[in-house]
Amino acid sequence: MAGSDISLKTSISLDSITKIYKGNTVIDHIDLDLQEGEFLSLLGPSGSGKTTILRMVAGLVTPDEGKVILRGEDISFTPPNKRNMGMVFQQYALFPHMTIQENVTYGLKARKLPKAEITERVQKYLELVDLKHLAGRRPRELSGGQQQRVSLARALAVEPVVLLFDEPLSNLDVRLKEQMLKEIRHLHRKLGFTAIYVTHDQNEALYLSDKIAVLNKGKIEQFSSPEEILKNPTSAFVADFFGYTNRIENVVLMDEQTAQIGDVKIPVGHLGIDAHPNDQGFLLLRLNAAQILDLQNQQTFMDEKEATAIRAEIRDSRYLGDETELRLHIRDGIEQEITVKLPQMLTPLPPEGMQIRFRFQAEAICFYKGDGRT
Amino acid sequence: MNRMQRFYTMLGWIAVLYMLLMFIYPVLKVVITSVWVNGQFTFDNYKTIFSTAIYRQVLVKTLWISIVSTFITLIIGYALANFIAKRPAKKQGFWLMIVIASMFMSLTVRLFGWMIVLGEKGPIIQLFRLLFGEKQELTLMFSSVAVIIGIVHFVLPFVVLNIYTTLKKIEPSLSEASIMLGASPMRTFWKVIFPLSLPGVYAGASLAFSLAASTFLVPTILGGPKDSLMSNLAYNSTITVGNMGLGSAISFVLLIIIVAVLMGLSALERRGHHASESR
């Protein structure tokens with residue numbers, strides 16, 4: 001009974017699904033498995049195919065090849081209204097001619113549930129998103145955040161096997177976005193639904209997900225946990241998405257922990273796929289890749305770390321919230337600009353032209369083979 | 001107010017002036033002519049209309065022909081508008097052109113076309129004879145049926161355009177939301193799409209009814225002697241008989257009926273609107 005065991009745990013599987021629009025392969029043989037209760041984010045820039053995948057799961061788009069399997073059953077050709085999924089749209093998509101209550105009731109009536117159960121469920125889910133007091137209002141009388149909560153309640157009320165989110169927060173301002181993120185996470189923990197969440201915002205994906213699939217041109221670049229993706233981005237594309245914003249070209253990998261450019265040795269924390277010593281490649285660095293040694297007269301550090309310290313000049317400095325961002329011009333064997341972020345507010349702000357020394361932090365530096373311009 | 005705004009305000013007033021001269025004045029003139037007979041104020045013309053059997057019959061006939069044609073046009077027009085709104089975006093303009101194309105030709109010419117189609121030698125009657133034999137009698141021309149067909153043909157583009165515009169304004173994600181909530185396409189149409197398209201239906205109905213009720217050409221060309229409508233009656237009284245007062249009175253009664261129906265329709269729409277705006 002091993003087979004049925006697996007089907008109990010696996011909620012949804014994509015088996016080599018492919019979509020071709022006018023000769024362009026927009027989704028290229030994608031495989032994905034999602035366990036019951038897991039929260040998966042499909043992350044990628046526009047045009048990467050994330051929404052198309054979601055719509056194929058929903059049944060709004062039919063795959064040209066491959067299968068969508070829900071709890072062991074091939075649903076590739078099941079019409080969307082028979083799939084028992086819920087969907088939260090970017091534009092909320094609330095029915096403007098119905099009250100909030102009628103909106104939430106809609107899916108339950110379509111399922112012809114008994115009246116008592118409908119009433120009970122509508123109460124439950126409106127309460128869950130804290131909108132019971134607005135049940136009699138029309139969608140247009142509500143704020144964007146409230147509308148999206150209604151949309152969430154409406155999708156949850158049908159108790160779907162999978163809940164699909166199509167960039168639900170991209171129309172909200174930053175503060176509302178944070179609130180909604182908390183709310184979605186809270187609801188997911190409380191109700192334990194299985195979810196697929198489409199977004200182009202890596203922070204949303206990191207905040208919500210158990211698994212993240214990073215998409216690029218219709219293919220999955222990396223599919224793993226948020227932690228693994230942050231720590232070990234397998235490709236430059238993924239690294240770029242997750243805050244590895246500095247780039248140092250034309251380096252050679254010496255051994256598995258060191259890269260060299262000119263006379264400078266740079267410690268490397270992670271290697272991209274297929275990277276071996278003596279490979280030519282480039283480095284991607286996070287904003288925390290540099291530890292500043294002698295800012296604010298920390299002379300003692302300087303002496304200790306003399307051997308690995310690198311000299312640079314500050315080109316620009318500014319505050320980012322309660323952090324400080326510095327643009328450094330390295331001139332110590334190489335000429336290179338990098339941007340680094342310090343986790344504290346430096347007062348006063350270091351002046352332009354100030355000479356400093358810093359040390360590279362290996363865990364924030366990745367080496368990738370080639371020139372990354374494929 | 002800056003110069004631009006003043007310019008637009010002035011244009012607006014010119015339009016108002018034009019309306020006053022070209023619409024309000026003639027209507028007032030009609031009203032006065034209808035109640036001012038031989039230098040005396042009198043309601044005789046109106047009494048004649050409502051007490052003479054033939055006028056009452058024409059009044060009723062005008063009403064039912066307009067209502068029936070409006071309904072038929074709404075059904076065909078809705079189906080057509082829905083069909084066009086669902087075509088790929090690039091092709092919709094083409095389909096709309098086809099619907100509107102008939103309007104490029106004079107209505108008179110188009111109605112002569114219908115005379116051929118509906119006539120004794122026309123394809124419909126030929127086919128009917130082929131199917132049911134020579135002995136079966138069927139006449140289409142010079143009947144109420146021909147008049148209704150003509151009116152439907154005449155007002156259809158207006159209705160299609162109105163409904164199409166509201167259908168296009170409905171977010172596509174709404175029907176997807178409905179489908180995703182488990183509703184069938186049928187349910188989605190009746191619960192979401194149709195209610196949201198009602199403004200276009202009302203606007204189309206208003207236009208269709210007022211065009212149908214006031215048509216003069218269609219019954220003249222396609223109708224028989226019994227199919228005269230209010231406009232024809234007004235024409236006959238004024239031009240053929242020369243009774244300006246009676247002709248004016250008939251015109252005014254027709255105008256009142258149309259205005260009443262339009263007000264009724266807009267009240268209906270407002271009620272629907274209110275239902276969707278407030279609790």
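Predicted model: local features only at pLDDT ≥ 70, side-chain atom pairs only at ≥ 80, totals over all residues.
Student: Which strands of chain A are the edge strands of the open sheet of 6 strands?

Tutor: Let's start from the strand order, which is β6-β7-β8-β3-β9-β10 in chain A, with mixed pairing. An edge strand pairs on one side only. In chain A that gives β6 (85-88) and β10 (219-224).

Student: In which sense do β3 and β9 of chain A pair?

Tutor: Happy to look at that one. A:Leu42 stands opposite A:Ala213 in β9(A). Strand β3 (residues 39-43) and strand β9 (residues 211-216) of chain A are joined over 4 bridges, and the sense is parallel.

Student: At about what angle does helix α5 of chain A run to β6(A)?

Tutor: Helix α5 (residues 144-157) of chain A lies across β6 and β7 of chain A. Its angle to β6(A) is about 175 degrees.

Student: Which helix gives the most to the side of domain 1 of chain B that touches domain 2 of chain B?

Tutor: Chain B is divided into domain 1 (1-42) and domain 2 (46-278). Their contact takes 5 residues from domain 1 of chain B and 6 residues from domain 2 of chain B. On the domain 1 side, the most, 4 residues, come from helix α1 (residues 3-35) of chain B.

Student: And which helix gives the most to the side of chain B that touches chain A?

Tutor: Good one to finish on! Here 18 residues of chain B are in contact with 23 residues of chain A. Helices α8 (172-180), α9 (185-213) and α12 (244-277) of chain B each supply at least two residues of that side of chain B. The most, 6 residues, come from α8(B).

Definitions and conventions:
Residues numbered from 1 in each chain as written. Chains lettered and ligands numbered in written order. Contact = placed C-beta atoms within 7 Å. Domains from an automatic or database assignment. Pairing = 2+ DSSP bridges. Axes fitted to C-alpha atoms, helices over the stretch in contact; angles between N-to-C directions.
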